[in-house]
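Here is a short report on one strand and the sheet around it. Please read it alongside the model.

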Amino acid sequence: MTGQGDAVRGVPTGSASIRDVARVAGVSHMTVSRVINGNPSVSTPTRQRVLAAIGQLEYRPSRSARDLSRGRSRSVTVMTSDTGLYGRAALLSGVEEAARAAGYHVNIGVLDSPDPAAIRAAIDHSCDPSSGGVVVIAFDAAGVHALRAIPPGIPCVAALEVNNVEDGRAYPSVALDDRTAAATATRHLLDLGHRTVHHVAIPSSSRTSSARMQGWRSALRKAGIQPPPPVLAEWGPESAYRAARHLAVDPEVSAVLCGNDDLALGVIHALREAGRAIPGDVSVIGFDDTPLAAFYAPPLTTVRLDFAGLGRDCFALLQYVVDPGGPRPARLADPPRLIIRETTAAPGRHRRA
């Protein structure tokens, strides 16, 4: 009969793998996984034999072994629309950074359209119950529709533009405080002496208005100012240029808050084409603080958002959803911050003669 010393020969104490335990116990590694996770399908004699081998080898189950026993791979799928947009790309980078540090692979499921059939096809292609979980970037309608369509049983976390998705359900989620940030940017322009602030808006994931638009309106109303009609644009500078040309030629317009830095670029182009100086005639604030914002001419005043930190928050929360063994993870993302550069000034301060 083989003794205990022979059974563990060549396996350093405390460094055994799940396959070492399986070899010593005379079972498959899947049987060891079932024992570790309390699966009732394992007979009592087999369970005792596996537990004895675990004790002999001082085996400590890894997270990988637990994931394997649950039928999940160490991977995370990020569902998002346009990855060329700065916020989504930076958030994805944050997820990848945190996932890689934890030994996870990252897959990307692209949402080409908010159409329900397209959403379903993207989810069917990218997500299944064996995946390690899903992060949905729900900054637009396609992301919100995808979040609602993730099948039960698949761990899921959302990065939200607003704090809810208007369907009455609670989703594990994280968000940046765009509303407060937009209000801060609006107050900055009012404090400089501008009578009102116009807004060129990005599309919203909400049926009503974006968090940035809500913050802009709130700040104006608190100052006793009726908000002017917002100018609705898409995500890029060309859409803002086309949408804001009527603002550019209006001499009463002296301050514009833009929904992102790309829109600010389009607005600045329209203003210059109309002969308006920035910030002498019109002050402009962007949103996001993209890497190029500091190199606009003039450098752009904008709201800095920590999208990469938000991505790390998404992954940490997903790990908690998959394995809630402790307190909910602390937030990692920095709060939004107004970065004052050279596109804002008091009205008329630098007007040309």
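## Strand S1

Six of the six residues of strand S1 (residues 75-80) are buried, so S1 is largely enclosed by the rest of the structure. Buried means under 20% relative accessible area, with a 1.4 Å probe and protein chains only. Strands (E, at least two residues) and helices (H or I, at least four) are DSSP runs, numbered from the N terminus. Both faces of S1 are covered. Ser75, Thr77 and Met79 are buried on one side, and Val76, Val78 and Thr80 on the other.

This is a predicted model: local features need pLDDT of at least 70, side-chain atom pairs count only at pLDDT 80 or more, and totals for chains, interfaces and linings use all residues. Residues are numbered from 1 along each chain as its sequence is written, and side-chain values use heavy atoms, leaving out hydrogens and water.

## Pairing partners

S1 pairs with strand S2 (residues 105-110) in the parallel sense, over six bridges. Two strands pair if DSSP finds at least two bridges between them. Threonine 80 has valine 110 of S2 as its bridge partner. Methionine 79 is bridged to glycine 109, also in S2.

S1 also pairs with strand S3 (residues 134-138), parallel, over three bridges. Here valine 78 has valine 135 as its bridge partner.

## The sheet

The open sheet has five strands in the order S2-S1-S3-S4-S5, with parallel pairing. S2 and strand S5 (173-175) are the edge strands, each pairing on one side only.

Definitions and conventions: Buried means under 20% relative accessible area, exposed over 50%, partly exposed in between (1.4 Å probe, protein chains only).
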